Amino acid sequence: MESLSRHTDYGNVPFDENIALANPLEQFAQWLTQAEAEDIFEPNAMVASTIDPDGSVSSRTVLLKGLDESGFQFVTNYTSRKGKALLANPSISLLFPWYSLKRQVIVYGTAIKASDALSDEMWNRRPQGAQLASAASNQSEPIASRAELDAQLAELEKQYPEGTTVPRPEHWGAFHVEPHAIEFWQGRSMRFHDRIRYDLVDGLWQITRLQP
């Protein structure tokens, strides 16, 4: 496997303390905007890692669907594996891997079940097809075949034809992630990368450079 011995030089685009914004959420918004401008596929895709009730760690890719001055939002089925994990243990890590920019952002925080109002707002933003798919799936639960899954969707499509309102299921909604630390990673030549970490201490963000 050639990729295992390949060594790619990541260049010398710096990310220094003197150019880092004081607020990491503003810095993240700036980097996300730059990722969007580079036409990266799904720039809002992030790897969400959670802790199951038995202590196991699990990860999956989800999409960031909201960003404000207090944190990050995404949606899920609350009865899915990640939903159950977060309701039992709200600790979460989010990883944004922008490989073509030689950048990544890692968020460490606490996931809080969002209000019904926010969940309704995010549900109403979804195309009807995505609403139907979310309502039809008992996420993370076993099913005998794709045909059975397709049948569940077809039944809902009959119930809610195009143009009708699909109600938000009670088990579907948003989580709001309040960060307590955010690390910005910029790849550099010779693997001598820039790592700038923000930590929330007594309500204020403190900036620290980490060795690569």
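This is a predicted model: local features need pLDDT of at least 70, side-chain atom pairs count only at pLDDT 80 or more; totals for chains, interfaces and linings use all residues.
## The largest pocket

Let's start with the largest pocket, which holds about 290 Å³ of space. Its lining is made of 14 residues, and those closest to the centre are Val-75, Arg-126, Ser-134, Gln-139 and Trp-172.

Which parts of the fold build this lining? Strands β2 (57-63) and β4 (71-77) and helix α4 (128-136) each supply at least two residues. The most comes from β4, with four residues.

You can trace its lining through Thr-8, Tyr-10, Leu-95, Pro-97, Tyr-99, Lys-102, Arg-103, Gln-104 and Trp-185. Two elements, β5 (91-98) and β6 (103-113), each give two or more residues to this lining.

Sorted by class, the residues lining the second largest pocket are five nonpolar, two polar and two charged.

## A closer look at Thr-76

Now find Thr-76, which sits in strand β4. Is Thr-76 buried or exposed? Its relative accessibility is 3%, so Thr-76 counts as buried, the cut-off for buried being under 20%.

Leaving out residues up to four places away in sequence, Thr-76 touches Lys-82, Gln-139, His-171, Trp-172, Gly-173 and Phe-175. Take Gln-139 as an example: 63 residues separate Gln-139 from Thr-76 in sequence, while their C-alpha atoms are 8.7 Å apart in space. The side chain of Thr-76 also makes a polar contact of 3.3 Å with the side chain of Ser-80.

Terms used
Residues are numbered from 1 along each chain as its sequence is written. Side-chain values use heavy atoms; hydrogens and water are left out. On a 1 Å grid over the protein atoms alone, a cavity is a set of points where a 1.4 Å probe fits but cannot get out, and a pocket is an open set with protein on both sides within 12 Å along at least five of seven lines; lining residues have an atom within 4 Å of a point. Grid points are joined across faces, edges and corners, and a volume is the space filled by probe spheres set on the points. Ala, Val, Leu, Ile, Met, Phe, Trp, Tyr, Cys and Pro count as nonpolar, Asp, Glu, Lys and Arg as charged, and the others, Gly among them, as polar. Buried means under 20% relative accessible area, exposed over 50%, partly exposed in between (1.4 Å probe, protein chains only). Contact means heavy atoms within 4.5 Å. A polar contact is a pair of N or O atoms within 3.5 Å; within protein, one must be able to donate a hydrogen and the other to accept it, and residues adjacent in sequence count only if both atoms are side-chain atoms.
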